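Subject: Structure for your review

Dear colleague,

Please find below the structure that I am handing over to you. My notes on what was found in it follow directly after.

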Amino acid sequence: MYAVFRKELSDHLSSKRFIILFMLVFLSAMFAIYIAIQTIRSVVSPTTEAIFIRLFTTSGDNLPSFLFFLSLFIPIVGIALGFDAINNERNSGNLSRLMSQPIYRDSVINGKFLAGLAVLAIMIVGVVLIVGGLGLRIVGVPPNGEEIVRLMAFVFVSLVYGAFWMALAVLFSVFFKRTATSMLASLAVWIFFFFFLAVIAGGVADAIVPVDSNSSVAALANNATLETSLSRLSPCTLYGETTIALLTPEVGSTNATMLLISTYSGRLGNPLPLESSLLLVWPQIVSIIALCAVCFGISYIRFMREEIRSI
Amino acid sequence: MAQAVVETKDLTKVYGENFTAVNKLNLRIEEGEVFGFLGANGAGKTTTLLMLLGLTEPTSGEVSVWGLDPTRHPVDVKRIVGYLPERVGFYEDMSAAQNLAYTADLNGIRASVAAPKIKGLLETVGLGHVIDQPVSTYSRGMKQRLGLADIWLKEPKLAFLDEPTTGIDPNGIDDVLALISSMAKKGITIIFCSHVLPQVQRICSRVGILSKGVLVADGPIGSLGRDSERYRMEAEVDNATTAVVDAVKAIAGVEDVELMDRTLIVTASSDLRGQVSRAIIDSGALLLGMRIEEFNLERIYKRFSKEAQ
């Protein structure tokens, strides 16, 4: 398996695809840190805690934060690393040659997946370190231990999230013969979850619990809870909630009603300790891991059972 | 008797509900043989190879490769078997040397051992001058030769070559066949799948003919012909009349006479060219030319394919 892993990793790292993706992510990180540094003074007060990790979540006027960029690019990177994993081997006539080597069949898919994971890790850790390092240099506030742990948790969740998209793309690459089809299918799923599900969730919630300006708080809360529950079907939402809670200690709840109340009351709560933040998003983290495992599991089984046909 | 390296017993593969790709195949291949596995496209040759490699599970029957069951011990079998698939592919953006280095890595050959070996092998297969060019610049024939180097690298005891000459020009075919012969001389047992008969005739010591999943013939090329010996003579005749046909038919030993335009086709149990020519001339026609069809694999193949249908 390590032979496959080594080869795939060196393939990825030397491929034009990787260089393009890395440039894209790197530029967005630069852009985001620039915005954050421009605006961070306006969002912190002398009493603000956890200034360092604010670098990752601070956005400018109408300009997105680093977190937003990352949540946009991780799925793209994951899909780009996985969409042609198996069908490209098949189309190029390499698969049967590879299979006739003295390796177990699962070594191929495991090695490829691990290599993708390694690339994702390199990319995410690299970008977070670049942003953190620049932030440290420019803002000059060092992170404390808790912030570092929060960042590490954030990197871990991002990695799993990227792994989910990669597993999904690998799944399509096992099922579809053509690489273009598997890429489009993966992108379609991503676009659906990223853009449309939120709109659909809103629409469905409004249809079931109609609200207007005269509605009671209870109705508004019901509406918001329903909408959140529906949009949590999307891994994008799960990732968004997790990372916001991890990087913004003030977020006290991912519950829509509680958020609604805190927004109404005009203030966020006191910063939560690390354990509480983790507890808060534990279900989301587990869900992302489970989704990733399910996707990988299906493609693994399908790949193992597939017969190599002669025609 | 030499050791059997491949042995199958009633090997059967059924795809889906009722498509039988291989039907009760009994095959025995001995060490050092170059076995020609013949059959039209879709006759079940590749399926048989895939079962021998353990890549496809047989529906029923037994397979043994070097005493191992490929379904149970696929990795052990693949360690001693080199498989060159039909239309073999390589990583196009990697060079020949890099592609082979990957194969060496997959076979657990250390890079320091593999590097000089790869260089030597690529020289042997005539790719020494393009060793560091990406495979995407290679012709079909070069890729096939690279494929041979690829299986040679792991020093297999057995090589399965699936249509290794498809899609390459005549010179390329000569090169590939010469390489296969030299592999055989190094003591590698070879199963050579093809539907191109003259090539099989050139390098194989024994052939098996597969038609619709059934092994219809099996034996040395010579013995396959002997039991079916029919001499077929063609005579070009001017002014051929039915009298000529009758005169030829009257010769003892002639089994069938057919007149097509100016060509008289005579089937007989022995070489009767002398008698036939005299009969033609005696009956008043002009004999322009005559030839006897030499025994060849093509005929055996056609005959067995027809019989199977």
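Two strands are taken to pair if DSSP finds at least two bridges between them. Please keep in mind throughout that this is a predicted model.

By that criterion, strand 3 (residues 34-38) and strand 7 (residues 189-194) of chain B are paired, in the parallel sense and over five bridges. Within this pair, F37(B) has C193(B) of strand 7 of chain B opposite it. In general, the strands of a sheet pair through backbone hydrogen bonds, either parallel or antiparallel.

**Chain B overall**

Chain B contains eleven helices and 13 strands. Its C-alpha trace spans about 80 × 45 × 40 Å along the principal axes. Of the 309 residues in chain B, 42% are buried. Among the contacts in chain B with a separation of 6 or more, 70% are between residues 24 or more positions apart.

Most residues other than glycine have a negative phi. Which residue in the loop between strand 5 and helix 3 of chain B deserves a check on this point? That residue is R87(B), with a positive phi near 50°. A residue is buried if 20 or more other C-beta atoms lie within 10 Å of its own, exposed if 12 or fewer, and partly exposed in between. R87(B) has 14 other C-beta atoms within 10 Å and is therefore partly exposed.

E155(B) is not a glycine either, and its phi is positive, at about 45°. This residue is placed in the loop between helix 5 (140-153) and strand 6 of chain B. With 13 other C-beta atoms within 10 Å, E155(B) is partly exposed.

**The three-stranded sheet of chain B**

Chain B also has an open sheet of three strands in the order 2-1-4, with antiparallel pairing. Strand 2 (19-30) and strand 4 (60-65) of chain B are the edge strands, each pairing on one side only. Neighbouring strands of this sheet are turned by 15° against each other on average, direction ignored. Eight bridges link strand 1 (residues 4-15) of chain B to strand 2 of chain B in the antiparallel sense. One of the bridge pairs is V6(B) with I29(B) of strand 2 of chain B.

**The contact between the chains**

How many residues does each chain give to the contact? Chain B gives 23 residues and chain A gives 17 residues. On the side of chain B that touches chain A, the elements giving two or more residues are helix 1, helix 2 (74-80) and helix 3 (96-106) of chain B. By class, this side of chain B has eleven nonpolar, seven polar and five charged residues.

**Helix 13 of chain A**

In chain A, helix 13 (residues 274-305) has 32 residues, which at 1.5 Å a residue should span 46 Å; the end C-alpha atoms are 44 Å apart, which agrees. This helix of chain A bends by about 50° at V281(A), and a proline, P283(A), follows within four residues.

V281(A) is also one of the buried residues of helix 13 of chain A, which include S277(A), Q284(A), I285(A), C292(A) and F296(A). The cover over the buried residues of helix 13 includes helix 7 (105-139), helix 8 (145-175) and helix 11 (235-247) of chain A.

With kind regards

How values were computed. Residues are numbered from 1 along each chain as its sequence is written. Chains are lettered from A and ligands numbered from 1 in the order in which they are written. This is a predicted model: local features need pLDDT of at least 70, side-chain atom pairs count only at pLDDT 80 or more; totals for chains, interfaces and linings use all residues. The expected span of a helix is 1.5 Å times one less than its number of residues. The bend at a residue is the angle between axes fitted to the seven residues ending there and the seven starting there. Two residues are in contact if their C-beta atoms, placed from the backbone, lie within 7 Å. Ala, Val, Leu, Ile, Met, Phe, Trp, Tyr, Cys and Pro count as nonpolar, Asp, Glu, Lys and Arg as charged, and the others, Gly among them, as polar. Axes are lines fitted to C-alpha atoms, for helices over the stretch in contact, and angles run from 0 to 180 degrees between N-to-C directions.
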